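Hello,

I am passing on the structure we talked about, so please have a look at it first. My notes on what was found come after it.

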Amino acid sequence: MTQTDKDRVVIFDTTLRDGEQSPGATMTHDEKLEIAELLDDMGVDIIEAGFPIASEGDFRAVSEIAQRSKNSVVCGLARAQLPDIDRCWEAVRNAGKPRIHTFIGTSPLHRAIPNLTQDEMAERIEQTVTHARNLCDNVQWSPMDATRTEWDYLCRVVEIAIKSGASTINIPDTVGYTAPVESADLIRRLIETVPGADEVVFATHCHNDLGMATANALAAVQGGARQIECTINGLGERAGNTALEEVVMALKVRGDIMPYTTGIDTKKIMHISRRVATVSGFPVQFNKAIVGKNAFAHESGIHQDGMLKNAETFEIMRPEDVGIAGTSLPLGKHSGRAALRAKLKELGVDVGDNQLKDIFVRFKDLADRKKEVFDDDILALVTATTEGDDALQLVNLKVVCGTGGPAEATLEMEILGEDKSAVSEGDGPVDATFKAIRMLHPNKARLQLYQVHAVTEGTDAQATVSVRLEEDGMIATGQSADTDTVVASAKAYIHALNRLMVRRGKTGKDIKEISYRDVN
Ligand code: KIV
Ligand code: ZN
């Protein structure tokens, strides 16, 4: 079968908007820029970079991503309100290819929130889409909760949006309620029924509440949608969105039954997946399709035997196709800086000379303590932050613990260049350590998540620790890695505290004020 433009599926990534919106996944400004650059570079057609009216930070991120993006269309989200749309336009207007995405909840439950009648809402849609279109040539409109909107009303509002100038109509399954047959049918019927539908692109935006987001998105494509909205690792509100890596690889591997193409360079998938997991603080589940640690691992004897004879026995795609190096050059304590740089490159990590110097010191230290240094160990070293200008730094930690009583942590920290120490007891080594940190840096931050992963196998494996803190509605995630789990925990906790302070816009001497004044 020959493929035409009609078979090209546009990939719209909303990791930085719907993904970042999920509780606890907040990213810093620099992290958003980094992810946007990776999305642009991997061939994402449209990057939804944020919700400009939501905060000053979102506005700044969308504006800067708009200015930096090389190939992707940069889109901002706006509610159906004129000030939202104006702010969105201000943020995206300097993009090479800007888009305004405006939405309103059209189902009965959602109409009840602004308390609008069907007619009032229809009027609002006409007014706001027209306004957006007067500012920008590229306007996307979404009837939020479309899959629970009355059929007749959905047709009516989609027609109004098209007549008012929207060139993309997105049909969100906001609560992850639909099923594949219904998803395909809805798009097909809309295209057949609504006047002007053949002049616009229909998009699908699925949530994963029932685990059907990927299936629903692919079904929508079979029904005629040509834009899939998705996120890296399926990040997103509640159970998340359709995962970019899943739809892209499904279209690539099953082109026989789904003859559609995307512009994604699939070899870049693994790297961006790891970066999104790191910066969002949402680790990827081991058995996650495409990007999970076990997605290409074969444990059982029968499987290993089959794989050795012919990889296709148990693999429907090659690890290299998603950016996992097939073979790897092992690194050890005798490896030099050039080998480390080559390994980082192979893993898709580009570092400057200073960063390489820093990673190399930590690599040598690790190689001295560990028999084998695996790829994941190297990536954990890159993740582990030792930002020299952080206000709080770990200097030394000694913990005594046993079966008979409480653990005791003796901690030394540098706080704004001053050395301080404290001794604290706790219920186990991590509790004692965290209490000692709080003695030296009193704070009100609540621990929302404490997670430990062994990066590789063996008792000398590095542990990566994620710590998520919440203070006054502000969330920050810290991560670190070390062969000592308690040291990794202390570093991750301190990292999260540093990020929380940066997020609150406090640096330098202000920190003393917050940390000591805000204690209960
Ligand atoms: O899930 C949803 O409905 C959304 C819209 C804003 C498109 O994210
Ligand atoms: Zn959504």
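**What surrounds the ligand**

The residues around ligand 1 are Arg17, Asp18, His101, Phe103, Ser142, Met144, Asn170, Pro172, Thr174, His205 and His207; a residue counts here if one of its heavy atoms lies within 4 Å of the ligand. Please keep in mind that this is a predicted model, where local features need pLDDT of at least 70 and side-chain atom pairs count only at pLDDT 80 or more, while totals for chains, interfaces and linings use all residues. Residues are numbered from 1 along each chain as its sequence is written, chains are lettered from A and ligands numbered from 1 in the order in which they are written, and side-chain values use heavy atoms, with hydrogens and water left out.

In Thr174, a polar side-chain atom is 2.6 Å from an oxygen atom of ligand 1. For Arg17, an N or O atom of the side chain sits 2.9 Å from a ligand oxygen, and for Asp18 the distance is 3.1 Å.

**How the helices pack**

Helices here are DSSP runs (H or I, at least four residues), numbered from the N terminus. Their axes are lines fitted to C-alpha atoms over the stretch in contact, with angles from 0 to 180 degrees between N-to-C directions.

Let's begin with H2 (residues 29–42) and H3 (residues 56–68), which pack at about 35° with their axes 10 Å apart. From H2, His29, Lys32, Leu33, Ala36 and Asp40 meet residues of H3 that include Arg60, Glu64 and Arg68; contact means heavy atoms within 4.5 Å.

H3 also packs against H4 (residues 82–92), at about 40° and with axes 7 Å apart. Glu56, Phe59, Val62, Ser63 and Ala66 of H3 touch Arg87, Glu90, Ala91 and Val92 of H4.

Which residues join H14 and H15? These helices, residues 353–369 and 375–383, pack at about 135° with their axes 10 Å apart, and are therefore oblique to each other. Ile359, Arg362, Phe363 and Leu366 of H14 meet Asp377, Ile378, Leu381 and Val382 of H15.

Enjoy exploring!

Technical notes: Helix = DSSP H or I, 4+ residues; strand = E, 2+ residues; numbered from the N terminus. Parallel < 35°, antiparallel > 145°, perpendicular 65-115°, else oblique. Polar contact = N/O pair within 3.5 Å; in protein donor to acceptor, adjacent residues only side chain to side chain.
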